[in-house]
Amino acid sequence: MPRTMRKKHLLAGLATAGVLGVGIAAPTIAFAADATPTPSASSTADGSGTSKADRQGEFAEALAKELGVSADKVTAALEKVREQQRADRPERPSTKDRQAALKKRLDQAVKDGKLTQEQADAITKAVEAGVFPGPGGHPGPGHRGPGGHGGPGGTAGR
């Protein structure tokens, strides 16, 4: 009788393993057979797969058609406006200047008793190690938070 029980347990275990195996293998095979393309590095967040340059070209062509002028003229005008906007932006301070300003603020906080020297040193080390994203700390562009500018609030670097 004990042999029969062992066989039943063995068969139940094998059946369970088989069901689990099929349960895991079937979705894996289905995902592998899925022809939906995955977004590449050049595709956009909306999944359209078009690059920024392509979208800008399409925009310039549509605008040119609407205005009744050549696409080249619209493209040149848009580029001129972009260059003017870049020139009007204030220059960002260098990493060295930002770190010097941080050190000055941390030193003042220590002097005022708001931080200990150990805390200020830990903050400085964290910035140098890139723990804080965005300007001053790395990683910078390409590793931004949901706000698009270094974190949820989207205010780093402003």
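This is a predicted model: local features need pLDDT of at least 70, side-chain atom pairs count only at pLDDT 80 or more; totals for chains, interfaces and linings use all residues.

Visitor: How many helices and strands does the chain have?
Guide: The chain has five helices and zero strands. Helices (H or I, at least four residues) and strands (E, at least two) are DSSP runs, numbered from the N terminus. In sequence order the pattern is α-α-α-α-α.

Visitor: Where is confidence lowest, and where is it highest?
Guide: pLDDT is the predictor's confidence in each residue, from 0 to 100. Confidence is lowest in helix α1 (residues 2-33), with a mean of 66, and highest in helix α4 (residues 95-111), at 91. The chain averages 74, and 60% of the residues score at least 70. Over residues 140-158 the pLDDT is below 50.

Visitor: Let us stay with α4. Why does its length agree with expectation?
Guide: The 17 residues of α4 should span 24 Å at 1.5 Å a residue, and its end C-alpha atoms are 24 Å apart, so the two agree. The expected span is 1.5 Å times one less than the number of residues.

Visitor: Which residues of α4 are buried?
Guide: Leu102, Leu106 and Ala109 are buried in α4. Buried means under 20% relative accessible area, exposed over 50%, and partly exposed in between (1.4 Å probe, protein chains only).

Visitor: Why are they said to line one face?
Guide: Seen down the axis of α4, the buried residues fall within an arc of 55°, so they line one face of the helix. The arc is that of the directions from the helix axis to the C-beta atoms.

Visitor: What is on the other side, and what covers the buried residues?
Guide: Lys96, Lys104 and Lys111 are exposed on the other side of α4. The cover over the buried residues of α4 includes α5 (117-129).

Visitor: Which residue just after α4 has a positive phi?
Guide: Gly113 does, with a phi of about 85°. Just after α2, Gly68 also takes a positive phi, of about 75°.

Visitor: What share of the whole chain is buried?
Guide: Of its 158 residues, 12% count as buried.

Definitions and conventions: Residues are numbered from 1 along each chain as its sequence is written. Side-chain values use heavy atoms; hydrogens and water are left out. Contact means heavy atoms within 4.5 Å.
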